[in-house]
Amino acid sequence: MFKRYLNTWSILPIFCFIFFITPVLIVISSLFGEYSDNWSHLYNYVLGTYITNSIYLVTGVLILVALIGVSTAWLVTNYDFFLKNILEWALILPLAVPPYILAYTFTGLFDTYGTANNLVRDLFNLGREFTFFPKARNVPGAIIVFSFTLYPYVYLVSRMAFINQSKSILETGRTLGLNKFGVFYKLAVPMIRPAIIAGLMLVAMETLSDFGAVDHFAISTFTTGIFRTWYGMYDIHTAKQLASLLLIIAIMFITAERYSRKNADYSFAGSVFRQVYLLKLTGLKSFLAFVICFIPIFIGFILPILELSYWAFNYKLDFFNDKFISTAWNSFYLAIITAFLCTLLAIIINFSVRYKNNNILKFLSSFLTVGYAVPGIILAIGVMQLLTFIDSGFIEINIQFVLTGSLVGLIIAYIIKSYALASSTIESGYQRVNKRLDDVARSLKTSGWPLLTSIHLPLLKTSFLTSVLLVVSEVIKELPATLILRPFNFDTLAVYTYIFAAEERMYDAAAPSIAIVMIGLLPIIILTRMIRTSRPASRDK
Amino acid sequence: MNIKSISIALIFSFISSMVFANEVNVYTSRHYDSDAELYSSFTADTGIKVNIISGKGKALMERLNSEGANSPADIFITVDAGNLWKVQKDGMFQSISSNVVDSVVPANLRGPNDEWVAIAKRSRVMYYNPLTVSAEEMENLAYEDLSDPKWIGRIAIRSSGNMYNQSLVSSLISNNGVANTEAWAHRFVGNFARKPEGNDRAQIMAVANGEADIAIANSYYIGLMLSGKKGDEQRAAARKVNLHFPSQAGRGAHINVSGAGLMKNSPNKANAVKFIEFLLSDKAQEHIVNNTYEYPLSANVAPSDLIAQFGTGFKEDQTSVADYGKFNPEAVKLMDRVGWQ
């Protein structure tokens with residue numbers, strides 16, 4: 001009965017997967033090992049705090065991200081208002097700001113003697129004991145930090161989905177008496193639910209796995225607990241077991257989501273694309289729409305850039321030299337190469353899941369996706385163990401070929417780390433390609449490779465570009481795997497920033513941080529333009 | 001050139017080949033700018049190229065672990081004796097036989113069998129606000145005294161996730177035992193002026209700003225702040241505080257080290273020993289003390305003036321730094337139990 005799975009469309013992807021999920025398996029295999037005494041300590045004293053803090057954090061972030069991401073995406077795809085054309089792509093900019101950088105900005109601004117509080121004191125001539133802004137080093141502060149740096153995940157997928165949404169359904173809603181808001185929350189949002197949820201999954205996993213920001217705010221979460229167990233108790237095995245629990249939670253989330261839309265088909269029979277008429281807002285409404293879209297950009301992008309520039313210009317201007325150029329180039333080409341390879345992989349996998357209804361592959365694909373919920377460095381250790389294992393095999397048979405500490409090894413690690421981003425984007429793109437198209441194509445003797453290249457790829461263009469964009473911005477920010485797997489004397493911008501930020505030398509870290517943001521911006525701007533022109537109805541504009 | 005040959009060329013450029021050259025491979029968790037200058041100066045003197053991978057101590061240790069016998073690493077450098085202890089315990093170091101090491105580094109600042117050595121020292125000291133705390137109150141004040149109720153709401157210290165605090169508590173466990181240390185820590189945490197936040201410099205700033213009266217932080221931070229490298233605001237703050245060496249009537253001030261260990265499978269062992277000897281040379285020690293404001297190992301080298309002004313002949317705790325690693329897991333659990341965030 002396995003025969004139907006054994007053909008070109010499944011052997012290659014399955015082979016890829018056995019390779020790619022090994023690091024995740026290495027992490028999870030810890031569950032089957034021994035349980036040390038440290039567990040009773042964790043259980044008695046800290047696990048409760050870790051869990052409650054993590055739950056508060058993720059819940060808060062998901063609510064805020066959904067509100068920001070979906071509402072802004074709806075506004076820019078359906079209305080024309082003040083500066084809309086700029087806001088539409090500027091809303092993606094916070095993607096270039098890693099959460100920990102925004103966390104540093106927040107403490108720099110809002111600590112008792114931070115820039116913002118000092119400014120208020122100077123302006124109103126108040127005493128030193130007066131504090132206007134509340135401290136940011138707490139769970140609500142962290143919720144804001146994560147929400148305003150991660151909402152683009154939801155914004156991007158929602159916008160992509162709204163763009164491809166059949167307008168005739170929405171118009172039918174209007175004729176049946178729904179008002180504009182009713183159309184939005186009774187029709188438009190439910191119809192793109194899979195896309196929103198896919199975005200939220202990424203946000204949840206990224207929030208759960210983040211270490212930098214919560215560590216800076218000194219909030220005890222599951223992730224800080226993992227590191228405390230590893231670094232402080234010298235117990236990496238228990239740390240991996242804790243990380244596996246995160247994995248299991250992620251798997252539960254994904255399964256629940258899959259199950260909930262088991263029988264629903266979210267692709268549109270009509271898939272009618274027509275010229276989109278943007279409703280022109282004027283006066284107060286136009287201004288309000290502008291404010292709603294501007295606030296996330298201001299908090300997630302403009303504020304950190306202002307603070308970083310202030311630090312950089314005051315303290316360190318000698319950064320932009322030869323070393324900077326080579327470092328930036330390293331970040332840039334690694335990101336581009338990874339993004340294309342990763343997106344291609346995701347397309348082939350998702351195609352073969354769809355085309356062959358291959359359930360083994362579907363399971364493996366989801367499995368690799370949840371790897372995203374593991375803190376980067378734990379996953380990086382899994383990758384490293386895989387690479388060193390292969391290396392020792394090479395050395396055994398006398399081949400002078402070392403993956404650990406090579407760029408190939410680094411790219412493999414990046415692909416494993418960012419596969420979730422690519423796959424969820426491609427998957428939600430595929431959900432909107434009607435399956436009947438495949439049947440039609442097959443009846444016209446177009447199947448297999450030609451079906452993918454000449455029918456699916458053009459329809460998936462927006463998803464393809466979005467995926468490349470997400471992976472590029474992820475790789476440029478990626479730190480833990482880079483630190484542990486890089487070759488000798490090899491730096492990326494993220495490494496450069498970390499070296500200073502780890503010591504909280506934010507004035508020194510400011511210039512490379514700005515560089516990360518700027519280098520991250522290049523592909524974002526280019527790709528956003530391409531995504532915009534890939535909108536089917538706008539071609540004749 | 002066709003696509004095939006381009007891709008082959010690309011693939012080869014991406015694979016790090018094993019080159020046997022005149023070099024030394026260093027894994028380090030010290031990431032000071034000034035260290036890079038130090039390495040260039042070693043290359044200039046000896047012609048030996050220094051290859052660096054920097055990262056978090058524990059992550060580098062995992063890489064060393066899984067590379068095993070195939071590891072290209074010659075030397076592991078870290079800023080905490082606990083990490084060195086752990087690598088030695090896992091059997092990944094070998095003895096460094098060198099007359100230079102024997103003559104420069106005191107026995108309590110070396111690992112068992114000379115498998116690792118300190119390259120610079122720092123002390124975990126107290127900083128106080130002379131406007132709110134008198135010199136008499138500070139006289140002979142020990143870490144143990146900070147559990148006294150007179151300090152309620154007056155102490156600033158960073159979170160217990162920080163390894164400097166873990167080492168300090170480990171040294172207390174090593175000297176006073178777990179039960180006494182836990183009783184002390186319980187009252188000590190009750191004296192905090194605020195929930196632990198920020199790094200060591202933030203604690204000194206808190207004293208300067210009047211948020212706390214006493215801060216515990218490493219000795220070199222005051223040098224960094226006074227040097228003006230961190231901006232005028234920090235220099236001004238640093239001038240408002242005084243440095244106190246704790247426990248001068250008792251064990252002495254807590255000492256920790258930056259140290260280097262020689263890897264068991266070091267492919268360039270001779271170069272590695274030369275490199276360690278270089279780090280202990282007067283020239284290198286001079287460079288370290290004037291850039292990172294740590295204390296030197298070499299008796300011929302004086303600490304930076306910015307640090308020396310607070311006193312140089314202070315009594316150092318002779319507890320073996322290797323104990324910090326041994327008691328570190330217990331210290332972390334103890335801090336969890338007393339609610340030290």
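**Domains and crossing helices in a predicted model**

User: How far apart are domain 1 and domain 2 of chain B in this predicted model?
Analyst: The C-alpha centres of domain 1 of chain B and domain 2 of chain B lie 26 Å apart.

User: What makes up each of these domains in chain B?
Analyst: The domain assignment gives 21-121 + 256-308 for domain 1 of chain B, and 122-254 + 316-337 for domain 2 of chain B.

User: How many residues of each domain are in contact?
Analyst: Contact means C-beta atoms within 7 Å. On that basis, 19 residues of domain 1 of chain B are in contact with 21 residues of domain 2 of chain B.

User: Which element supplies the largest share of the domain 1 side in chain B?
Analyst: α4(B) does, with four residues of the side that touches domain 2 of chain B. The residues of that side divide into nine nonpolar, six polar and four charged.

User: Is the crossing left-handed or right-handed?
Analyst: α16(A) passes α17(A) in a right-handed crossing.

User: Which residues meet there, and what classes are they?
Analyst: A:G376, A:L379, A:A380, A:V383 and A:L387 in α16(A) meet A:G409, A:I412, A:A413, A:I416 and A:K417 in α17(A). By class, this contact has seven nonpolar, two polar and one charged residues.

How values were computed. Residues numbered from 1 in each chain as written. Chains lettered and ligands numbered in written order. Predicted model: local features only at pLDDT ≥ 70, side-chain atom pairs only at ≥ 80, totals over all residues. Domains from an automatic or database assignment. Contact = placed C-beta atoms within 7 Å. Helix = DSSP H or I, 4+ residues; strand = E, 2+ residues; numbered from the N terminus. Nonpolar A, V, L, I, M, F, W, Y, C, P; charged D, E, K, R; others polar. Left-handed = near helix turned anticlockwise from the far one by under 90°.
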